[in-house]
Structure formats: structure tokens, C-alpha cells
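Please look over the sequence and the structure shown here before reading on. The report then goes through a few of the features in turn.

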Amino acid sequence: MTVIQKKATNPIAHLSAEDIETLGKELDAIRQRVIDTRGERDAAYIRKVISTQRKLEISSRVVLLFSLFPPAWIVGTAGLAVAKILENMEIGHNVLHGQWDWMRDPKIHSTSWEWDHATPAEQWKQSHNELHHRYTNVVGKDNDLGYGIMRVDEDQPWHPAYLGQPFYNFVNACFFEYGVAAYDLELGKYLKEKRHKEPEFRARLRAAGRKIRRQVLKDYVIHPLLSGPSFFHTMAATFTANLIRNLWSHSVIMCGHFPEGVETFEKSSIEGETRGEWYLRQMLGSANISGSRLMHIMTGNLSYQIEHHLFPDLPSNRYQEIAPEVRALFDRYGLKYVTGSLPRQVFSAWWKVIRLAFPNRRQPATPAVDDQPTPVLAAA
């Protein structure tokens with residue numbers, strides 16, 4: 001994989017500037033149609049998901065009061081893991097994107113929602129909504145590319161430290177919520193530049209510390225104490241549920257931008273970027289996961305990562321509806337719609353992490369993602 005501007009063949013070489021702007025207008029029309037038709041059906045959907053998640057979490061925690069008994073431990077742990085996945089993926093992530101702000105419900109609003117996660121909502125919105133979505137897959141601008149600890153592009157200089165990146169990535173996956181908190185703080189950057197004593201950074205660090213303390217107190221002190229003789233069993237169950245949630249979230253997010261076939265971009269390529277060019281970058285810098293309706297809900301509909309990156313503020317339940325139209329635009333404009341099953345996309349993403357841990361080869365061999373031809377992007 002190399003940045004698109006340096007490829008021998010460019011996936012958009014066949015598109016003119018007029019083509020790209022026309023594409024942008026067609027995507028704008030899809031977005032506006034969804035905005036115009038948002039209504040009670042969508043509001044009922046998110047309220048039902050929130051209600052289901054809360055009932056599942058409460059019932060699972062009640063079962064874990066008796067986690068001393070193995071059947072209760074298994075049922076409670078599984079239920080709590082699913083509840084945490086739903087809260088983070090389909091609810092928290094999407095509410096904090098402002099997807100439901102149009103409802104004007106103060107309880108389901110991006111300005112008031114605080115999620116079940118180590119990183120404070122406000123810090124996550126700044127690093128994710130404002131930076132990642134603006135600079136999607138731009139090497140040196142989008143820190144989601146490798147989370148600042150991995151080499152994810154052949155044009156990135158290789159260093160022996162990258163030999164350990166498969167291990168770093170696995171540890172990050174296990175404790176993903178804390179990795180995200182450190183990432184949102186830009187902890188590595190501030191420590192490397194010796195700027196960790198700056199007042200603004202220290203204020204954000206204190207906010208993150210308070211949030212982590214609340215999470216730890218809730219998960220590993222209060223609920224286990226309520227379990228009485230099942231204290232340690234409930235603590236272990238909660239740790240397991242958090243581990244499952246972290247591994248799932250990390251896998252889904254890796255599948256959105258890491259699989260083979262997804263493009264990366266140079267910093268200089270976004271100077272003076274138009275609306276159509278921004279749309280095009282989202283199309284080429286994202287990948288989907290195919291699967292059942294339940295799987296889509298459990299991913300927070302980030303299995304429709306392409307549609308999400310095109311329209312991050314549209315209700316997540318509408319991505320499946322517009323996906324065929326978006327894919328038709330890919331076909332019409334001769335672009336590659338990268339998608340595959342969850343196992344295939346996870347394997348592809350991890351293969352890239354492992355392959356790029358080593359120095360570049362002249363012609364690196366990579367497993368095929370699908371049967372479609374490799375995309376070609378030309379300077380717009």
C-alpha cells in the first residue's frame with residue numbers, strides 16, 4: 001500500500017474535475033433527501049435501541065449479583081458485554097456525532113451525552129469528529145491511521161521499532177478504551193515534545209483522569225460490592241465484558257480503514273480541496289463489512305463505514321437504506337467499493353499491520369480482498 005498520489009496507476013485518473021464535482025452534487029442530493037425524511041420512525045428506532053440496551057445492562061448486572069455460580073457468571077458476562085457494545089457503538093458513537101440532535105431531545109443529544117467509555121465525550125468529539133473525519137486517511141494528519149504507534153503505509157519510513165507493531169496493536173485492542181483516551185489526549189505527542197506541563201493539556205488530562213476514575217469505580221468497586229460474596233467473580237465478569245467490548249470495537253474500526261484496497265493520501269493533496277474531492281477521499285479511504293442486520297447494529301452501523309464517512313451526521317439506521325445508491329455511484333464513476341465479510345476484513349487489516357512491520361519489499365505480496373480490479377486514483 002502506498003499513498004494514492006504516488007501510485008503508478010491512479011484510481012481516479014479517468015475522472016475530470018467536472019466529474020468529481022458532479023459526483024459531489026449527487027451525494028449531496030442523497031444526504032438532503034435523508035434529512036428531509038427524518039422523522040418519527042428514526043426517533044422510535046434510537047429510543048428502542050437505548051431502551052433495549054439499558055434493560056439488558058440492568059438485567060445482566062442483576063444476574064451478576066449471583067456470579068459466584070458459573071451459569072450466572074456466563075449469562076451475566078455475555079449480556080453485559082453485548083450491552084456495552086451497543087452503548088459504545090450504536091448509541092454513544094452515533095449520538096456524539098450529532099446524528100440525533102435534530103430530535104431536540106436533551107437526553108439524546110451530542111452536547112449532553114456521556115458514554116460508558118474511558119475517554120470524556122468532549123475530548124473524543126474533538127479528536128474524532130473534527131480531526132479524523134476532516135482528514136480521513138491523510139498520512140500525517142489523520143492520527144487514526146495507526147493510532148500514532150504503527151506504520152500503516154509503505155511511504156512511511158521504516159524503523160526497527162515497527163517490528164513490534166503486531167504486539168502493540170494486540171495490546172491496544174485489549175485495552176482499546178484506554179488507548180483511545182490516550183490518543184484523544186495526544187499523550188505521546190505532548191510527552192515527546194515535553195509539553196505535558198502546558199495548562200490546556202493538564203486540564204484535559206485531569207478531565208480524562210476523572211472519567212477513568214468514575215468508570216473504574218462503577219465497574220470494579222460499586223457493582224462488585226453489591227454482589228457481596230460474588231465480589232471477585234463480578235469484578236472478573238466486568239473485566240471480561242470490557243475486554244470483549246474492546247476487542248470488538250477495535251476490530252470493527254480497523255475494518256473501516258485498514259483493509260487492503262483502502263487508499264491513503266498525502267498532506268499536500270488536500271490543499272484547496274473541494275466538496276466533491278472531500279467526498280471522493282471518503283469513498284476511497286473507507287471500507288465496509290457485509291453481514292446480517294444484527295451484525296450491522298452491533299457495529300453501530302460502522303459496517304457501512306463508507307456511507308458513514310460520507311454522511312457522518314445522518315441517522316445510522318439509514319445507512320443500509322442508502323448503501324445501494326452509494327454503491328451504484330461507485331460503479332457509475334468507475335471506483336472500487338471495498339467490502340467483505342468480517343473475517344475477511346479483519347484478516348486483511350491484520351495482514352497489513354504485520355506486513356508493514358517489516359521493511360518494504362520491491363513487490364509486496366498481499367492476499368486478495370475480493371475479485372474486483374485494483375482501484376486507480378488520479379490527481380483531481
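What follows is a short report on one helix, the cysteines and the nonpolar cores of this predicted model.

## Helix 2

Helix 2 covers residues 40–63, and because each of its 24 residues is counted at 1.5 Å, the helix should span 34 Å, which agrees with the 34 Å that separates its end C-alpha atoms.

Several residues of helix 2 are buried, including Asp 42, Ala 43, Tyr 45, Ile 46, Val 49 and Ile 50, and also Gln 53, Glu 57, Ser 60 and Arg 61. The buried residues of this helix pack against helix 1 (17–37), helix 3 (70–96), helix 8 (199–226), helix 9 (231–257) and helix 11 (293–298).

## Cysteines

A search of the whole structure for disulfides finds zero. Cys 174 is in no disulfide, and the nearest cysteine sulfur, which belongs to Cys 255, is 16 Å away; a disulfide would need the two sulfur atoms within 2.5 Å, so a distance of 16 Å is too far for a bond.

Cys 174 counts as buried because its relative accessibility is 13%, and Cys 255, at 0%, counts as buried too, the cut-off being under 20%.

## Nonpolar cores

The largest nonpolar core has 31 residues, of which Leu 23, Leu 27, Leu 280, Met 283, Leu 310, Phe 311 and Leu 335 touch the most other members. Two or more residues of this core come from each of helix 1, helix 10 (275–284), helix 12 (305–310) and helix 13 (319–332), and helix 13 gives the most, with six residues.

Another core, of 24 residues, lies apart from the largest one, and among its members are Ile 46, Ile 85, Trp 113 and Trp 115.

Notes. Residues are numbered from 1 along each chain as its sequence is written. This is a predicted model: local features need pLDDT of at least 70, side-chain atom pairs count only at pLDDT 80 or more; totals for chains, interfaces and linings use all residues. Side-chain values use heavy atoms; hydrogens and water are left out. Helices (H or I, at least four residues) and strands (E, at least two) are DSSP runs, numbered from the N terminus. The expected span of a helix is 1.5 Å times one less than its number of residues. Buried means under 20% relative accessible area, exposed over 50%, partly exposed in between (1.4 Å probe, protein chains only). Contact means heavy atoms within 4.5 Å. A nonpolar core is a set of buried Ala, Val, Leu, Ile, Met, Phe, Trp, Tyr and Cys residues joined through side-chain atoms within 4.5 Å.
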